[in-house]
Amino acid sequence: MTVTKQRPFLMALLFLAAACLLWAALLQAREGGPPEGTPYAGSENCAACHEDLVVSLKATPHGQKAFELRSAQGCEACHGPGTAHIDKEGDKSLIRSFKTMPSAEASQTCLQCHERGSHVLWVGSTHEQRNVGCTECHSVHHPVSEKSQLKAAREVALCSKCHPNIQAQTMRTSHHPVREGLITCSDCHSPHGSDGPKLIAAETINEKCYQCHAEKRGPYLWDHPPVRENCMNCHTPHGSNFEKLLNAKRPYLCQRCHLDTRHPGTLYDAANLPTSDRILNRSCSDCHMNIHGSNHPSGWTFLR
């Protein structure tokens, strides 16, 4: 057999040998035993003093077999090598404790595994810059929520601890169905980082709004410039005391931009002189119904 013909066979043999070694290491990790010749003590030795924490961990995603196969160190994958900690009769200074660890350092530990997907933009994000670490919201051993291992039963309750002003807005008359439990904060925001403003889980605010309000996207033959620019020019997303989440009552909202005094709806006094540009007791959208945009050839004033 020539060298050229032997090469694929040798490569396959080397690959098989490497796979066998890796599988042996994973089996050893699943059994809780520490890798030989390392300062790792193994999860079984951790359980001798921290049985309650080891048991609680098994009920979480970090305690499942998939995590055990990825991490050969078990508990010590997060807390660091524990041999010295055990030899010194539980000296806390010789083990990594998340209770006393700075938030930034705790996040770096989590990012050893959680560096993909929605976590890619964590570094430089609003929460990271304000020193809000992973352990501020998530609990590895004692999660309360059904998913994401949060420290609160509902995501909204957790976010409200830092954003009580936003929670107050959701209690207003017109609001998105957050308090009813139909949507939650992460349906619109990406807490781990975003390319858009205000941690919006889209490139722009309008793109996020269009995911639910596709009928407002257009394109239109006649479009309304402030609508195209930003939905929040007219609407406030978390809650409003005005209808349809508007920033102000109609017609005053419209008249922030449209100050024409010769509009047909203008009030006149006895001398037939214009005294006000407020069309009281009626709304601009009574006539301008297609205010988001119109595809009618004569719809440049959004009447049809």
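R116 pairs up with E115 in a salt bridge, their closest N and O atoms lying 3.6 Å apart. The term salt bridge is used here for a side-chain nitrogen of Lys or Arg within 4 Å of a carboxyl oxygen of Asp or Glu. The model is a predicted one, so local features need pLDDT of at least 70 and side-chain atom pairs count only at pLDDT 80 or more, while totals for chains, interfaces and linings use all residues. Residues are numbered from 1 along each chain as its sequence is written, and side-chain values use heavy atoms, with hydrogens and water left out.

How open are the two partners? R116 is exposed, at 65% relative accessibility, whereas E115 is partly exposed, at 36%. For these labels, buried means under 20% relative accessible area, exposed means over 50%, and partly exposed is in between (1.4 Å probe, protein chains only).

Across the whole structure, a search turns up 6 salt bridges. Among them is the one joining R179 and E180, at 3.8 Å from N to O. Both of its ends are partly exposed: R179 has a relative accessible area of 38%, and E180 has 45%. Another links R228 to D223, with N and O 2.5 Å apart; here D223 is partly exposed, at 32% relative accessibility. As a general point, side chains of opposite charge can pair when their charged atoms come close.

Next comes helix α3, which spans residues 51-58 and has V54, S56 and L57 buried. Looking down the axis of α3, the buried residues fall within an arc of 165 degrees, so they line one face of the helix (the arc is taken from the directions from the helix axis to the C-beta atoms). Helices are DSSP runs of H or I with at least four residues, strands are runs of E with at least two, and both are numbered from the N terminus. What do the buried residues of α3 pack against? Their partner is α2 (43-47), with contact meaning heavy atoms within 4.5 Å. The other side of α3 carries the exposed residues E51, D52, V55 and K58.

Finally, L221, W222 and W300 make up a nonpolar surface patch, with about 360 Å² of accessible area together. Such patches take residues with over 30% relative accessible area and no salt bridge, joining nonpolar side chains (Val, Leu, Ile, Met, Phe, Trp, Tyr) within 5 Å and like charges within 9 Å. Accessible areas come from the Shrake-Rupley method with a 1.4 Å probe, and for residues only the protein chains shown count as cover. W222 sits in strand β1 (residues 222-223) and is partly exposed, at 33% relative accessible area.
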